[in-house]
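Subject: Structure handover

Hello,

Here is the structure for your files. My notes on what was found in it follow below.

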Amino acid sequence: MNERNPERKIAIAILIPFTLLTLNTIFDVGYLGIFEYHIHSSAGWKVITDLVIACLLILMWLVPNAKQCGRNPWPYVAITLTFGSFGPLLYLLLGKKQA
């Protein structure tokens with residue numbers, strides 16, 4: 001991997017604290033607890049909807065980009081649909097810099 005790849009550096013800078021936050025949250029409330037917290041108000045539903053839309057927009061870029069680069073996009077799609085931002089962050093972290 002090219003160390004000059006800014007996407008990789010940004011992904012690492014985000015992924016490490018985000019992983020720690022996620023693990024803390026899962027230990028605190030469990031995986032489903034993350035969603036249960038939000039389903040009791042319209043503001044929570046708005047947050048969930050916004051995150052789903054954002055992840056789908058990212059996937060609209062990720063899938064064609066992965067195919068263009070000769071990478072298999074489907075593991076990242078599965079991770080994104082299950083764990084949200086971890087999919088795109090891992091895609092950027094493990095990817096090759098485009099020419």
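I start with Phe-83, since several of the findings involve this residue. The model is predicted, and in it Phe-83 is partly exposed, because its relative accessibility is 46% and that class runs between the 20% and 50% cut-offs. Phe-83 sits in helix 4, which spans residues 74–83.

Pocket: the largest pocket has a volume of about 650 Å³. It is lined by 22 residues, and Phe-83 is among the closest to its centre, together with Ile-34, Phe-35, Leu-51 and Gly-84.

Which helices supply the lining of the largest pocket? Helix 1 (6–29), helix 2, helix 3 (42–68) and helix 4 each contribute at least two residues. The largest share comes from helix 3, with six residues. By type, the lining has 15 nonpolar residues, seven polar ones and no charged ones.

Overall fold: the chain contains five helices and zero strands, giving the pattern α-α-α-α-α along the sequence. Its C-alpha atoms fill a box of roughly 45 × 25 × 20 Å along the principal axes. Of the 99 residues in the chain, 27% are buried.

Regards

Terms used. Residues numbered from 1 in each chain as written. Predicted model: local features only at pLDDT ≥ 70, side-chain atom pairs only at ≥ 80, totals over all residues. Heavy atoms only, no water. Helix = DSSP H or I, 4+ residues; strand = E, 2+ residues; numbered from the N terminus. Buried < 20%, exposed > 50% of the residue type's maximum accessible area, 1.4 Å probe, protein only. 1 Å grid on protein atoms, 1.4 Å probe; cavity = no way out; pocket = protein on both sides within 12 Å on 5 of 7 lines; lining within 4 Å. Points joined across faces, edges and corners; volume = space filled by probe spheres on them. Nonpolar A, V, L, I, M, F, W, Y, C, P; charged D, E, K, R; others polar.
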